[in-house]
Amino acid sequence: MSANTHPAAAPAVTLTIAGSEATGGAGAQADLKTFQELGVYGITALTCIVAFDPKDSWNHRFVPVEPQVISNQLEAIQTAYDLDTVKIGMLGTPATIDTVAKSLQSQEWANIVLDPVLICKGQEPGAALDTDQALKAQILPLATFVTPNHFESISLSGMEDITTVEDLKEAAKRIHEASGAVVLAKGGVRLEGDDAVDVFYDGETLEVLRAPKIGDVAVSGAGCTLAAAITAELAKGASPLEAAKTAKAFVTEGIRNRVSSNAPFDALWQGGAGRGPAL
Ligand code: PXL
């Protein structure tokens with residue numbers, strides 16, 4: 001049956017191009033859970049498989065998916081659906097970036113949301129540098145919305161450090177000027193103060209979004225979930241600023257309802273949003 005048979009009930013179809021993080025806190029798993037919670041139909045093209053190593057301080061073990069297999073997934077997805085909204089998560093290698101850039105360029109998009117995951121602990125530093133450069137050269141110019149964290153904001157803006165909200169504003173402006181994308185630069189738990197502060201900048205509107213910090217340790221999946229929630233909201237027709245605000249509230253609730261495990265970090269729980277603490 002064609003997807004157009006029930007147009008009134010049809011959810012927005014939303015793609016994430018991302019890696020698997022086996023414990024389910026981050027990556028494609030976080031994206032799909034977020035899409036489901038926010039009422040969009042989620043699809044994934046997997047770029048890599050990350051398995052933390054409990055015998056080695058939970059460092060990342062990273063295995064890329066072969067470029068041909070990534071390309072096959074995207075061919076199936078892009079042929080099956082007329083997509084206009086995509087989220088890009090962890091890509092991981094220059095070859096993956098090449099493949100993904102080609103698929104992105106094969107059609108028009110209304111929204112390309114880039115979570116510019118620059119460093120994965122399990123990668124060779126040399127390889128990571130190549131990957132970072134390829135991401136900046138080939139994917140960042142295609143993005144319509146980018147969500148750098150503290151470290152990524154320093155790297156993408158070329159600033160020496162970011163220690164204040166004023167610094168974060170400057171970084172957001174520089175990244176917008178370099179990319180043309182709407183920017184949500186995330187201070188998270190890295191800036192001092194009681195609030196987790198993010199700076200939104202679209203070239204005209206500069207807005208500081210605040211939510212009380214919940215603890216002072218970063219929670220796994222917060223960055224993925226924030227970008228995925230922005231993606232879902234944009235797919236449903238929200239403006240970029242509305243999408244950013246809804247996403248921040250969603251992440252705050254998900255952190256409040258986080259899940260602990262035998263790993264040394266908690267994971268955000270998307271199912272916690274709007275439901276209060278579990279009884
Ligand atoms: O949080 C960044 C991230 C994104 N994607 C994958 C990951 C991680 C961090 O662990 O494993 C697949």
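The model is predicted. Strand β1 spans residues 13-21. It pairs with strand β2 and is joined to strand β4. β1 also gives the most residues to the shell around the ligand.

**Strand β1 and its cover**
- β1 is mostly covered.
- Eight of its nine residues are buried.

**Pairing with β2**
- Strand β2 covers residues 41-53.
- β1 and β2 pair in the parallel sense, over eight bridges.
- E21 has V50 in β2 as its bridge partner.
- E21 and V50 are both among the residues around the ligand.

**Pairing with β4**
- Strand β4 takes in residues 85-88.
- Three bridges join β1 to β4, and the two run parallel.
- I17 has I88 in β4 as its bridge partner.

**The ligand and its shell**
- The residues around the ligand are G19, S20, E21, A26, G27, V50, F52, H60, M90 and C224.
- Taken alone, the ligand exposes 310 Å², and the protein buries 83% of that.
- β1 supplies three residues of this shell.
- β1 and β2 each supply at least two.

- Five residues of the shell are nonpolar, four are polar and one is charged.
- E21 is the charged one, because Glu counts as charged.

Key. Residues numbered from 1 in each chain as written. Predicted model: local features only at pLDDT ≥ 70, side-chain atom pairs only at ≥ 80, totals over all residues. Heavy atoms only, no water. Buried < 20%, exposed > 50% of the residue type's maximum accessible area, 1.4 Å probe, protein only. Helix = DSSP H or I, 4+ residues; strand = E, 2+ residues; numbered from the N terminus. Pairing = 2+ DSSP bridges. Near = heavy atom within 4 Å. Areas by Shrake-Rupley, 256 points an atom, 1.4 Å probe, with all protein chains shown as cover.
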